[in-house]
Amino acid sequence: MITIQIKDWNWEVLFTIQDFFSLSISESINQSGTLNLSFPTKERMRKQKLQKGWRISVYYWFSLTEIIQLFDGFISGFTLNSDHIYLEATNWIGYLQYRMLRTAKNYSTVTIKTIIQQCFEELNQTSRLPFLLGQNTCETPLTRDFIVGSSFFDVLKAAEEVNPKLCYRMKAEGDQIFLEVWEGIGEIIPWVWVFDSKDPTKTNIVKWERKDSMDNFFNFISTPAWNLTNQEHVDATGLLFEKNETDEQKKRLPEVSVIPTLTISRDTDWRKFNVGDRKHIKLITGYERLTIDYLWIIQTRNLSITPGGIKVEIKVSDKYREETNILDLMLKKIKK
């Protein structure tokens, strides 16, 4: 059973929703997570106005003694009509883009974990953050100046630039939320998810998909020496896809391997993992270059619940790889 609670800033429950038309939750490592909800208008909601910024939490009642929090964040938009309410929400990673430093910061070879701790404490003192700081272990030094008005999310992205292995996420433990910033991996989830095209009866992966496109792809990048080239791709196609990049931090060719999407069975342990965790996945597709047998990191989890049932899609990769997030890009443009 799914229970959705809308709460005020004191975490007092204002509305409880159990009957809805559709619910989808999308969460990604190092990126904003979103919720989309459609439910019928009720008399009580006509009497009390919805507010952007109210907290919204989604709970899955696996049993009477086991309740799992699937989402926690704030209402970012809604549409009302005669018989429906369409509601959008963003998780607390997205909220970090709205919390700004009120004093300039000048760091020289200071560890990332120290910077995160200091920024968290300063912002929490300005106005209480709706989460706690949990695992924060990255020892990589960072030299960077942050002007007044830089967001907490800007700090995390700067840390990610100097340490591409850095991961951060929100993790629920009971009714409490923690921001985790660490280098490496989260929990290793036991058992194996398997897809075997030759024996589909023994699988807990319903289907898989690999999508490739020209988004952010190039095989030649200009450097002072003009020598950074994906020669294998150039030889295979006979075409140059060039990019002129002056930012030293971005002078690197993008990853050429695509993150596969897996749809897993609702009978798996989908409710017990978070993005950033690792899972042993065995994918025997029938395509020679798409055979996977590895302990992969979970990049995203997309959960869709309708009257027809539960659908869970995940994206997995051997290491963290950034993908374009439209919400993140829009917020950055608005801020600029």
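This is a predicted model: local features need pLDDT of at least 70, side-chain atom pairs count only at pLDDT 80 or more; totals for chains, interfaces and linings use all residues.
Ala, Val, Leu, Ile, Met, Phe, Trp, Tyr, Cys and Pro count as nonpolar, Asp, Glu, Lys and Arg as charged, and the others, Gly among them, as polar. The residues of its lining divide as follows.

| Class of lining residue | Number of residues |
|---|---|
| Nonpolar | 12 residues |
| Polar | six residues |

Two or more lining residues come from each of β3 (22-28), β6 (67-80), α2 (92-95) and β11 (166-173). The most is given by β6, with six residues.

The interior is considered next. In soluble globular proteins, nonpolar side chains tend to be buried together. The largest nonpolar core has 49 residues, of which Leu-23, Leu-35, Leu-37 and Ile-56 touch the most other members. Strand β20 (residues 291-306) supplies the largest share of this core, six residues. Beyond four places away in sequence, the contacts of Leu-23 include Ile-2, Ile-4, Leu-35, Leu-37, Val-58, Leu-303 and Ile-305. A second, separate core numbers 31 residues, among them Leu-96, Cys-119, Leu-133 and Phe-152.

Buried residues of α3 are Ile-112, Ile-115, Ile-116, Cys-119, Phe-120, Glu-122 and Leu-123. These buried residues pack against β8 (105-111), β9 (132-136), β10 (141-146), α4 (152-162) and β12 (176-183).

Notes
Residues are numbered from 1 along each chain as its sequence is written. Side-chain values use heavy atoms; hydrogens and water are left out. Buried means under 20% relative accessible area, exposed over 50%, partly exposed in between (1.4 Å probe, protein chains only). Helices (H or I, at least four residues) and strands (E, at least two) are DSSP runs, numbered from the N terminus. Contact means heavy atoms within 4.5 Å. A nonpolar core is a set of buried Ala, Val, Leu, Ile, Met, Phe, Trp, Tyr and Cys residues joined through side-chain atoms within 4.5 Å.
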